[in-house]
Amino acid sequence: MLDINIYSMINSLIGACILIIFCPFMEKLIIRGQISSSTYFFAFLLIICRLLLPFEVVGKTYFVQIEKLLPSIVRLLKTEISILPSSTSRLHIEATLLEAVLLFLFSISAVKCFKLFADYYSLCKSMKFVLSSRNKTVEKVLCTVREDYRFNFPVRVIQNKYVDSPFEFGLFRQTICLPDIPYSEEELYFILSHELHHFSSKSNWLKFFNNILASVFWWNPLITFYNTSIVSMIELNCDEHVITGFNDRLKAKYLSCLLSELRPQHHTKANGIIHLLSPNDKSLSKRYHFITAKHKKSKAVFILSALLMLSVFFASYFVMVLPYCDTLASETKTPKFIKENSYILKKGDAYIIYYENEPYIYSETISDTFSDLTIIEED
């Protein structure tokens, strides 16, 4: 039986954070060329699933009881506080500290998500009336890239003086934006190949969903770190597809093209365009090492990495952290335990009393207070 409660949600965050901790090690393997960059996206899928499926497997979960610290934190979060107290007005709202903290976190998350969608809508609106590029060289190279890589999806290319460096955007209407400068055909081939691979791999969707994840869990420093990390891996993934089959000379030219696009530009209020899906410049060092590395992929390392991530993912569902308490705290109000709202889970020689589908008490004995409750024995 699956159950969702406050502790299973906390356990979900812990499991996701443990998966994120493994990501720096995977980065090193990818940069060295030992495993494919797509392995990193597999980790992203597991992290999303762990956050969206915060279940407890009732009867199959191993509980880790923590004394003193965790019960103290739980009691603190259950402390009742007054919100908008007023002696002259009838308006008086009371809530627990936990509810107030969650309200604050969710409010900031909602604002960040709204800003994310508003920025994206503003960018799409500002680009809607910009004419597509009529540069014959751009059109020629674009056709060549589409034929070489067999890209059949529609794409629009914009060249504009207000664009500082190439970028792509568009979840439904794919658009590539280029600075209005004279590129050589070789440079255009590298740039368009890279940007078109973003659309081919659906990394523009991945970036957008990852930005939503970072907006919702903004308060978690590991999620923020992962948001930056996965942007670098997305760029590496596109580089990997582009340089496949390149010799050292072409790799050097491709890297030179990347470096030329990161030259300091003269930014003004007019040309300081901000793009929420733009690549992270801090990933340049990783991309340099990746492009210049001798790629020798190892199936054994790939299999071990995937198995490790899967093991952590599934193991996180069968281990849960709970506050340890032999008896009910005297300072708390005892709820009424009846069959309709409570049951007992027997785990070895210990008992866990669930109240309204949440673990409420951990005890080694069962008093007469709970004699009428249903006892479920763990297999």
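Student: In this predicted model, what is the strand order of the open three-stranded sheet?

Tutor: The order is β6-β8-β7, and the pairing is mixed.

Student: What makes β6 and β7 edge strands?

Tutor: Each of them, β6 at 156-160 and β7 at 167-169, pairs on one side only. From one strand to the next the twist averages 25 degrees.

Student: How do you know that β7 and β8 count as paired?

Tutor: Pairing requires at least two bridges. Strand β7 and strand β8 (residues 175-179) have three bridges, in the antiparallel sense, so they meet the cut-off for a pair. Phe167 stands opposite Cys177 in β8.

Student: Why are α1 and α10 called oblique to each other?

Tutor: Helix α1 (residues 6-31) and helix α10 (residues 284-292) pack at an angle of about 40 degrees. Roughly parallel would need an angle under 35 degrees, and roughly perpendicular begins at 65. The pair is therefore oblique. Their axes are 8 Å apart.

Student: Which residues make that contact of α1 and α10?

Tutor: Glu27, Ile30 and Ile31 of α1 meet Lys286, His289 and Phe290 of α10. By class, three are nonpolar, one is polar and two are charged.

Student: How do α8 and α9 cross?

Tutor: The axes of helix α8 (residues 221-243) and helix α9 (residues 248-261) come within 11 Å and cross at roughly 145 degrees. The crossing is right-handed. Asp239, Val242 and Ile243 of α8 contact Lys251, Tyr254 and Leu258 of α9. This contact has four nonpolar, no polar and two charged residues.

Notes
Residues numbered from 1 in each chain as written. Predicted model: local features only at pLDDT ≥ 70, side-chain atom pairs only at ≥ 80, totals over all residues. Heavy atoms only, no water. Helix = DSSP H or I, 4+ residues; strand = E, 2+ residues; numbered from the N terminus. Axes fitted to C-alpha atoms, helices over the stretch in contact; angles between N-to-C directions. Left-handed = near helix turned anticlockwise from the far one by under 90°. Contact = heavy atoms within 4.5 Å. Nonpolar A, V, L, I, M, F, W, Y, C, P; charged D, E, K, R; others polar. Parallel < 35°, antiparallel > 145°, perpendicular 65-115°, else oblique.
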